[in-house]
Amino acid sequence: MKLLKKIVPFLLVVFVGIQFIPTKRNQSTEVLESDFSKTFTVPANIQNMFEKSCYDCHSNNTNYPWYNKIQPISWLLENHIKEGKKEFNFSEFGAYSKRKQKNKLKSLASQIRDNEMPMQSYTLIHSDAKLSDSDKEQIIVWVNKLRDSL
Amino acid sequence: MKKSIYVLALSVLFFTACKTDKKQAESNSMQQSEMNMKEADGHDHGDHDHDTAMGEDSSKEDRNIDATTQKNSATSAIIDSYLQIKNALVEDSKDGAAKGGTMMLTAFADFDMSQLNESQHKEYMEILEDAKEQAEHIVKSPIDHQREHFENLSVDVNDLIALLGTDKTLYQSKCPMAGEGKGAIWLSEYKEIKNPFFGSKMISCGSVEKQIN
């Protein structure tokens, strides 16, 4: 009990303390020339789905939830975004080599087909990011067609 | 003011600490992969004596367009690691493929780019970037993902050979059922069909399309 009395204030101090540590925010108002939507002619409904379901972690502009400002959630999100962008960045897609574009499109389609993306932990909170079966079908058909044309 | 300095100091400390951790992990995995390389070399049919060959090749200025006849052993370590992945996938071995992926990352890291001329360099960099990514995924993925990445990797290695050549005899085979029914190629050191895309499920699916060397 005595120990608990010491630990709780300590944790509280740590919790407050870490709130001061700045995180890098992934936000940009500029849509780069290399953005996916400028590289290809993307039907509006498809681009809309990408922006809703993918862009938060796979582009240079995240639409942050309010709780992002609280540590250690900020770190968690920052990490997810870093990983996501490393894997595949819609904002820089046009700058990729043809080889990379093709392979990324292939992975995009297979990740969606296998329900690996968007991640469950993400759609749990962002219910509008969920893709229906017909959404998925539309994306996969379109992406495959695009890949064949490259 | 003082407070913000503390905060700054703390955060700097935190991030540098993170970075060193990462670096250490990286160098550890490098060592690991070097060990793997040696281990694999032991019972490999390897004839990669590429130090001497590199010297020979650097005197060659022009790129031989018909790379299938271009003898170049500088690509041997990369091809060996590719074949290790291929053979592991034939045997449905996820761990073996992952080991091959690590071997490949080492092989690319050890590749001497100074022998490339300007026109080769650009394409090499594109292949390198892509192949490295495929290899990284093969290291950490379940087997069905490994196979998906192996499809891309096969194209990369095939293009690498077209670009730089090899002194190995290889067979380019095609499985019409892989690549989601579009067909996909792979390379093998033997003529007999042993399918890496499906392994034991469809071991003899495919046919040889081309012999290299």
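Helices (H or I, at least four residues) and strands (E, at least two) are DSSP runs, numbered from the N terminus. The model shown in these views is predicted: local features need pLDDT of at least 70, side-chain atom pairs count only at pLDDT 80 or more, and totals for chains, interfaces and linings use all residues. Residues are numbered from 1 along each chain as its sequence is written, while chains are lettered from A and ligands numbered from 1 in the order in which they are written.

**View 1. A:Glu87 in a helix of chain A.** A:Glu87 lies in helix α5 of chain A, which covers residues 73–87. A residue is buried if 20 or more other C-beta atoms, placed from the backbone, lie within 10 Å of its own, exposed if 12 or fewer, and partly exposed in between. A:Glu87 counts as partly exposed because it has 15 C-beta neighbours inside 10 Å. Between the C-alpha atoms of A:Glu87 and A:His126 the separation is 21 Å, and the two residues are 39 apart along the chain.

**View 2. The sheet of chain B.** Three strands form an open sheet in the order β2-β1-β3 (chain B), with antiparallel pairing; two strands pair if DSSP finds at least two bridges between them. Strands β2 and β3 (207–212) of chain B are the edge strands, each pairing on one side only. From one strand to the next, the twist averages 25 degrees.

**View 3. Strands β1 and β3 of chain B, with helix α6.** Strand β1 (residues 170–175) of chain B is joined to β3(B) by 5 bridges, and the two run antiparallel. Here B:Gln172 stands opposite B:Lys210 in β3(B). Helix α6(B) packs on the sheet and touches β1, β2 and β3 of chain B, where contact means C-beta atoms, placed from the backbone, within 7 Å. The direction of α6(B) makes about 60 degrees with that of β2(B); axes are lines fitted to C-alpha atoms, for helices over the stretch in contact, and angles run from 0 to 180 degrees between N-to-C directions.

**View 4. The contact between chains A and B.** Chain B gives 8 residues to the contact and chain A gives 8 residues. On the side of chain B that touches chain A, the elements giving two or more residues are α1 (2–42), α5 (118–140) and α6 (143–164) of chain B.

**View 5. Confidence along chain B.** The average pLDDT (the predictor's confidence in each residue, from 0 to 100) of chain B is 75. Confidence in this chain is lowest in helix α2 (residues 50–58), at a mean of 39, and highest in strand β2 (residues 184–188), at 93.

Definitions and conventions: Two residues are in contact if their C-beta atoms, placed from the backbone, lie within 7 Å.
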